[in-house]
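The questions below ask how each label on this model was reached. Each answer sets a value against its cut-off.

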Amino acid sequence: MARLSGPRCIAARHMAKLLGIDAVDAVVARCVRDVEAIDVHTHLLPPTHGNLLLWGIDELLTYHYLVAELFMVMPCVSEEDSVSVGDTAPSPDDFYGWPKPRQAELVFEELFVKRTPLSEACRGVVTTLSRLGRGEQLRAAVRLPSRPRLTALRDWFAAQDASDHLERVFRLSKLKYAGAGAAERRREPVNGASSHTSGGGALDGVAAAAADAAAQDGAAGRPDEWVRRIRPIYLMASTPAGFTYTPTAAGPAAAELLEGALLRVAMEEGLPLALKVGAVRGANPALQAGGDGVEVSRLDWLRTLCAGYPSVKFLVTVLSAVNQHELCVLARKFGNLHVYGCWWFCNNPSIIETTTRMRLEMLGTAFTCQHSDARARDSSSRPSGTAPAPSRRRLLRAQVLDQLVYKWAHSREAVTPVLAAQYRKLLEAGWLLSEADVERDVGLLFGGAYEEFLAK
Ligand code: FIX
Ligand code: ZN
């Protein structure tokens, strides 16, 4: 749809129907519900990538967020208590050695049958299944007296055609397109395979390579080669715990890799650099992908980067709620910094609400309110008792589709009242607002501002 600009735009504004304060809530709700969002960062790949695109009840229930919750309630086991002598309390190693349906049955029993699925990740499964029309099957599964409880749901998913299911999920999630951001160091190309996914080149671990450089497969050290193969929209890296840009005597690798690899390629290829900040990988390694933690990061290095590389655009999300404020301040100072999403541990309604409110107050519409990060747990299984090498751990990710449904439904739900309240205050302050204004703003918050940032 062509955008109006200049005098025509101003004339159109004058003719637009103005909103009274009582109409604001309903109009915002409709606009947020209907807007086609851009999902800036997911770990999804198109169906052409075969079993790299996963969906279904077993994938939903073995999402690492839920596996972490399972092990919060499992008895603390010693070697002797493990599944080798009984089925009820597997150690993480035992659990990851099981076939997925068995893992999913245990997660379901512990978190949905024995307990009320109140957490955000649990509620997400309920929302997803309900919106896929599987609510009755879910409720029936809970009422079954013993495992297996998920057979009917499993059968339904197994009967779906991958492409049709992808269409359905994108329709339900109301997505324009999603960043197929986690090709990571896989050898499969991600470009051109689907109208729904667009390649972000996630080079996770490159900046973190100080610790695991020895385990790299070589190609990770040649991001230019990956850029040529993948033709990404942006380069992506997550910073390691305690990341600082200043090279240290002990090891300059993180800063040097950032400078020598990512920043160099970003400048040469004119690509934005997307950074995810604040994860502490392997806080509890036994839990594999579910064992990553969070830290409050020092963001002084981000200031240095934004100031030192004015021609590079930085897309940044932070994992600690504590860092959100400083990130907003930095985005106000540097036009080459765009804030996106409420990542992972921030992807809870309470934090989305607070963060979005603060961003509206500090950034107006110049940010991207959410991304889904839809994904499953690592598909790698490893021999019992061995710690996963960080680089391999991230090489072998599986991607799950259905999470898009709940992540976008819950995010829209969280953003709506916050935005409506902000408009009400603006009207009270004396501003005139039309429905078209709200539509435009919502479009910006759900992906338009990201596209404008990339284009500027
Ligand atoms: O690094 C990332 O992109 C993270 O999204 C993942 O590593 C993380 O495991 C995740 O799934 C968060 O939502
Ligand atoms: Zn991610």
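Q: How many disulfides does a search of the whole structure find?
A: In this predicted model, the search finds 0 disulfides.

Q: What makes the sulfur of cysteine 328 too far from the closest cysteine sulfur for a bond?
A: The closest cysteine sulfur belongs to cysteine 342 and is 9.9 Å away. A disulfide needs the two sulfur atoms within 2.5 Å, so the sulfur of cysteine 328 is too far away for a bond.

Q: Why is cysteine 328 called buried?
A: Its relative accessible area is 0%. Buried means under 20%, so cysteine 328 qualifies. Cysteine 306 is also buried, because its value is 2%.

Q: Why is aspartate 224 called buried?
A: The relative accessible area of aspartate 224 is 19%. The cut-off is under 20%, so the residue counts as buried. Aspartate 224 is part of helix 12 (residues 223-230).

Q: How do you know that the side chain of aspartate 224 makes a polar contact with the side chain of arginine 264?
A: The two side chains are 3.1 Å apart at this contact, and the limit for a pair of N or O atoms is within 3.5 Å. Not counting residues up to four places away in sequence, aspartate 224 touches Arg264 and Val265.

Q: How do you know that the span of helix 18 agrees with its number of residues?
A: Helix 18 (residues 403-429) has 27 residues, which at 1.5 Å a residue should span 39 Å; the end C-alpha atoms are 39 Å apart, so the two agree. Just after helix 18, glycine 430 has a positive phi of about 115°.

Q: Which residues touch the most other members of the largest nonpolar core?
A: Leu275, Phe314, Leu337 and Phe446 do, in a core of 74 residues. Helix 18 gives the most to this core, with 10 residues.

Definitions and conventions:
Residues numbered from 1 in each chain as written. Chains lettered and ligands numbered in written order. Predicted model: local features only at pLDDT ≥ 70, side-chain atom pairs only at ≥ 80, totals over all residues. Heavy atoms only, no water. Helix = DSSP H or I, 4+ residues; strand = E, 2+ residues; numbered from the N terminus. Buried < 20%, exposed > 50% of the residue type's maximum accessible area, 1.4 Å probe, protein only. Polar contact = N/O pair within 3.5 Å; in protein donor to acceptor, adjacent residues only side chain to side chain. Contact = heavy atoms within 4.5 Å. Expected span 1.5 Å × (residues − 1). Core = buried A, V, L, I, M, F, W, Y, C linked by side-chain atoms within 4.5 Å.
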